[in-house]
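Biologist: Could you take one part of this model, the place where the chains meet, and go through it closely for me?

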Number of protein chains: 2
Amino acid sequence: MQPDDEQLMLLALEEAKAAMEDGEVPIGAVVLFGGDVIARSHNARERLRNPVAHAEILALEMAAHHLGGWRLGGSTLVVTLEPCAMCAGALVSARVDRVVFGAVDPKAGACGTLYNLCSDPRLNHEVAVTPGVLGGACGELLRSFFARRRTGTEDEIA
Amino acid sequence: MQPDDEQLMLLALEEAKAAMEDGEVPIGAVVLFGGDVIARSHNARERLRNPVAHAEILALEMAAHHLGGWRLGGSTLVVTLEPCAMCAGALVSARVDRVVFGAVDPKAGACGTLYNLCSDPRLNHEVAVTPGVLGGACGELLRSFFARRRTGTEDEIA
């Protein structure tokens, strides 16, 4: 049976916790295609020293590698935090069908908060957006991370 | 002597031509830091089978590798086509100082055309934008590519 959005978000939360154990901002993502989870990853910007190594970007790359091409039509990406502009643009670029996110990002969210890059008819693809799945748990993980990391600021999410 | 914007755009155009030789949409980019070109790359989405392998993303990754960290403050990215939302978001995410682009992209441009993600005071970083450097030559290369590739459409830029 195909996993539902909450089950997928629980996997994404596991990834987010793995990011936190690495000292990274705790954000995790998974990609569903054909009923299977074909990619799971977490934010690794510090470890990889790579400005684009957000959870979503790494998950899209893993999914494309799995499928053997850059077009990810038919897939759903599930992520613990509302994607930023870079990641929302990447979902459009990859022709992802649907994005499911947990916590809203009031500072950088680009799937309904500051922008909705996924639903712009001027662009050549639109991505359906399902917000707020296990949003409380996803947001609480981020808040506890920043509360513990006294030197950090929420700016580092973006 | 530090190369000026046109000299850098000529390097980016060389990269774009290398992309065309590979059968890729011809877009090239370079990154300047401390007076030196520390990264040069071109669109490789087909070859790498990677939805995020736009010229700008690859150049940012190369620059971060060169500098040993994801924060690219002090750097300028020069690219032949106006960045899309993904790439403009990546410039913000990487804390790039300035972006210089050649041709305007009426279908997906996110540095002044459809959006200006580089100049949004709500985000945690702004990137200065210099548009239209050698824009004619940059646009002509794209038009000739799509004219020759009868089966392609300009949608594939984004």
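Modeller: What follows is a walk through the interface of chain B and chain A. The model is a predicted one, and in it 36 residues of chain B are in contact with 36 residues of chain A. Between them the two chains bury about 3000 Å², with 57% of that area lying on carbon and sulfur atoms. Of the area that chain B buries against chain A, 21% is supplied by B:P51, B:W70 and B:Y115, more than by any other three residues.

Across the interface of chain B and chain A, 11 residue pairs are in polar contact.

On the side of chain B that touches chain A, at least two residues each come from α2 (45-48), α3 (55-67) and α4 (85-93) of chain B, and α4(B) gives the largest share, five residues. By class, the residues of this side are 17 nonpolar, eight polar and 11 charged.

As for symmetry, chain B is superposed on chain A by a rotation of 180° with 0.0 Å of shift along the axis, at an RMSD of 0.0 Å, and the two copies are therefore related as by a two-fold rotation axis. Within chain B, B:M86 has the C-alpha nearest that axis, 2.0 Å from it. Both copies use the same surface, since 100% of the contact residues of chain B recur in chain A.

Conventions
Residues numbered from 1 in each chain as written. Chains lettered and ligands numbered in written order. Predicted model: local features only at pLDDT ≥ 70, side-chain atom pairs only at ≥ 80, totals over all residues. Heavy atoms only, no water. Contact = heavy atoms within 4.5 Å. Buried area = accessible area lost by both parts, 1.4 Å probe. Polar contact = N/O pair within 3.5 Å; in protein donor to acceptor, adjacent residues only side chain to side chain. Helix = DSSP H or I, 4+ residues; strand = E, 2+ residues; numbered from the N terminus. Nonpolar A, V, L, I, M, F, W, Y, C, P; charged D, E, K, R; others polar. Least-squares fit on C-alpha atoms with pLDDT ≥ 70 in both.
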